[in-house]
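Hi everyone, thanks for coming. Today I'd like to talk about charged side chains and how they pair up.

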Amino acid sequence: AKYAYHNIGAHPNIYNEYGPTEATVGCVVHLYNEGEDETLPSVPIGIAKHGVKALILDKFLNAVPEGITGELYIGGEGLAKGYWQEEDMSREKFILSPFENGMLYKTGDLVRWNSDENYLEYLGRKDEQIKVRGVRVELAEIETALKKYDGVNEVVVDIRHKQKSHLDKEDVFNCTECGLPSNYPSASFNDEGVCHLCQSFESYQEKVSAYFKQPSDLRALFDGIPASEKGEYDGLLLLSGGKDSSYALAKLKEMGLNILAFTLDNGYISEEAKDNARNICKLLDVDHVFGETEAMNAIFVDSLQRHCNVCDGCFKTIYTLSTQIALEKKIPFIITGLSRGQFFETRLTEELFNRKDIDIDRIDEIILNARKEYHQVEDAVNQLLDVSMFKDDSTFEKVQYIDFYRYTDVSLAEMLHYLENVVGWVRPSDTGRSTNCLINQAGIYVHKKELGYSNYAFPYSWDVRIGHKTREASLDEINEELDETEILKMLDEIGYTQAIKEDASREKLVAYYVADDSLDESEMRAFMMAQVPDYMIPSQFIPLDVLPLTVNGKID
């Protein structure tokens, strides 16, 4: 369309017409707009012509909201009565409209309304949907997202069944500096066995250091909120009963702050971890509340399917329930006890620090925008809990999220010495070393089974890189033995069975793309992380000179 627009005299009107044979070709039409359409991955198919009904429905024949992908159904004038002498196929494809008298044709095409609901975007065929880790994925949606990356001209995403890798099991080795396993996606190593992250860290270490701040900066945040703008509490701390959050609570109390501690009882939290939380709050004279939801098992299953761990769903539940409390009680800050290594799993990427055009304020802005998008993702938490407050941007002004360890640098040894001798914290003996939650062992098990490595391997490698842990301590934790019998029992209790399939880890998404210039795979991966859920991010990005075509001109 762009070529025709600029090479046919007088800039003609160019129409993109969509329409299956069953509903008269040209039933949905879009007038090409040079300024707007050139910025899109593909030209929209437009809006229904007069006399044509174009509906986007889900699998239950409910209309889907703006921006959500669904199947296109066509009705109205020009619709065929069915297939000649093909009654079964006609019954399958031509259905009674659930909204009014008349028939609809089930196109099998995936579309969505654009953000202003003024035209339809075509996203591919429903029969191109596949399942990745139990979640239905539309390849065309991944392709559409990747086409937005600057420099990508064409792209095809496919699912491939992995063969046993030479790095599987006994052949896996660990970075000689940080302990990152060799089967971590996109990891590469030099001849000395040092991973690419450690090799490049020196080039942006100063920027990483600048991102982290001092306790005085944290104090200034609290002092900057006038008493008239907050309730009884200075902040709400997310307290798991583990070492990181327990240490954070004790230090906040030392600062003279009035903190409300919040603990999610997800049904599997260690009893000893709960005792830690209760005892420390009593010792420090801190108010403490437990939160819970009956939706937790469904959220666990969804998180295992999407992320191969239980933590993502659990964290999102904690943020949702704690934000409700913070709004009700006018608490201006929610404080997390995430380790610095976990920042690089949940907040930061090395690509952020490598960019020459970025400063710390811009990084904070990117993280805030990512948090807003994170709370809009349609997952089990959004479907089963009240997340309406996240649709209002003022929520993020009323409640700010603070990572305690951005402002406090403490080694693991120093932290444990303080906890054991000052506040009486005891490492729980009824759960694993990397967690205070029994079911997290199941999450680690699923992650190792489906992806081949511990979900703690990446954040712990960053803990080592930035000096919080030793390599030996990190490897001890990520290589701990798991009780498979108890884990399978828990997976059965919550209704998750995908993890025990022997071939579950043998599928991967691969993106084949054509670009004018060489593109950086790590930057493409970081871009996709902001566009789609992690289970939709390709494992490999393979450049091609051209996409192979069949004799009929279609993708081979």
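Let's begin with Glu254: at 51% relative accessibility, this residue counts as exposed. Here, exposed means over 50% relative accessible area, buried means under 20%, and partly exposed is in between, using a 1.4 Å probe and protein chains only.

A quick word on the source: this is a predicted model, where local features need pLDDT of at least 70, side-chain atom pairs count only at pLDDT 80 or more, and totals for chains, interfaces and linings use all residues. Residues are numbered from 1 along each chain as its sequence is written, and side-chain values use heavy atoms, with hydrogens and water left out.

So who is the partner of Glu254? The side chain of Lys251 meets Glu254 in a salt bridge, at 3.5 Å from N to O. By salt bridge I mean a side-chain nitrogen of Lys or Arg within 4 Å of a carboxyl oxygen of Asp or Glu. Lys251 is partly exposed, at 22% relative accessibility.

Where do Asp302 and Arg306 lie? Both are in helix α9, residues 296-307, and they sit 4 residues apart, about one turn of the helix. Helices are DSSP runs (H or I, at least four residues), numbered from the N terminus. Asp302 and Arg306 form a salt bridge too, with their closest N and O atoms 2.8 Å apart. Asp302 is buried at 15%, and Arg306 is buried at 10%.

Finally, Glu87, Asp88 and Arg91 are linked in a network of salt bridges. How many salt bridges does the structure hold? There are 18.

How values were computed:
Helices (H or I, at least four residues) and strands (E, at least two) are DSSP runs, numbered from the N terminus.
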